[in-house]
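Trainee: Before I rely on the words used for this structure, could we go through them one at a time and set each against its definition?

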Amino acid sequence: MTTPSALERPGGVPFARRMAARLVLLPAVALSLLPPRRIRAVLDVARRGAGPATAAQAKNARDAMCAVSLRCAGPKGCLPRSLGAALLCRLGGAWPTWCTGVRVVPPFTAHAWIEADGRPVDEGVPDGYFTRLIAVDPTSRPASR
């Protein structure tokens, strides 16, 4: 038996922000098809030279990804949503902590999310609900040339 549900897509996302989210959507979906070690390697390169994202920057990026993609807004879109939000923050010169891990309480569920200021961004769960397996933190070092 299935339960009908409606996806909530954020409103009020500015046009320019939606266009930027569309720009990173395809790379985010392509990245989501790679093995975890390759995703981490790509994100390690992408984060270079970016400062830490604020909670507001990370939430705006996540909202923009959900506004432009039903896949990202859906319950199984956590990986492309989190990757897209991280890349969108990077376009603005910031980087959230990108995480993937598992739920602490049974049943086992894998999940990917972004964090800012040490807290999951707009996940609707309490702190400590997920355990990190992979994290790509921001680096405050300037990019080497």
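Mentor: We will take cysteines, the core and the pockets in turn. This is a predicted model, in which local features need pLDDT of at least 70 and side-chain atom pairs count only at pLDDT 80 or more, while totals for chains, interfaces and linings use all residues. Residues are numbered from 1 along each chain as its sequence is written, and side-chain values use heavy atoms, with hydrogens and water left out.

Trainee: How many disulfides does a search of the whole structure find?

Mentor: The search finds zero, where a disulfide is a pair of cysteine sulfur atoms within 2.5 Å. For Cys-78, the nearest cysteine sulfur is that of Cys-72, 10.0 Å away.

Trainee: What makes Cys-78 and Cys-89 count as buried?

Mentor: Buried means under 20% relative accessible area (exposed is over 50% and partly exposed in between, with a 1.4 Å probe and protein chains only). Cys-78 has 11% relative accessibility, so it counts as buried, and Cys-89, at 3%, is buried as well.

Trainee: What is meant by a nonpolar core, and how many residues has the largest?

Mentor: The term stands for a set of buried Ala, Val, Leu, Ile, Met, Phe, Trp, Tyr and Cys residues joined through side-chain atoms within 4.5 Å. The largest such core has 33 residues, and among those with the most contacts inside it are Leu-43, Met-65 and Trp-98. The helix α1 gives the most to this core, with seven residues; helices (H or I, at least four residues) and strands (E, at least two) are DSSP runs, numbered from the N terminus.

Trainee: Which open space counts as the largest pocket, and what lines it?

Mentor: On a 1 Å grid over the protein atoms alone, a pocket is an open set of points where a 1.4 Å probe fits, with protein on both sides within 12 Å along at least five of seven lines, and lining residues have an atom within 4 Å of a point. The largest holds about 390 Å³, and its 20 lining residues include Arg-62 and Glu-123, which are among the closest to its centre.

Trainee: How is the lining of the second largest pocket divided by class?

Mentor: It has 12 nonpolar, three polar and no charged residues, whereas the lining of the largest pocket has nine nonpolar, three polar and eight charged. Ala, Val, Leu, Ile, Met, Phe, Trp, Tyr, Cys and Pro count as nonpolar, Asp, Glu, Lys and Arg as charged, and the others, Gly among them, as polar.

Notes
Grid points are joined across faces, edges and corners, and a volume is the space filled by probe spheres set on the points.
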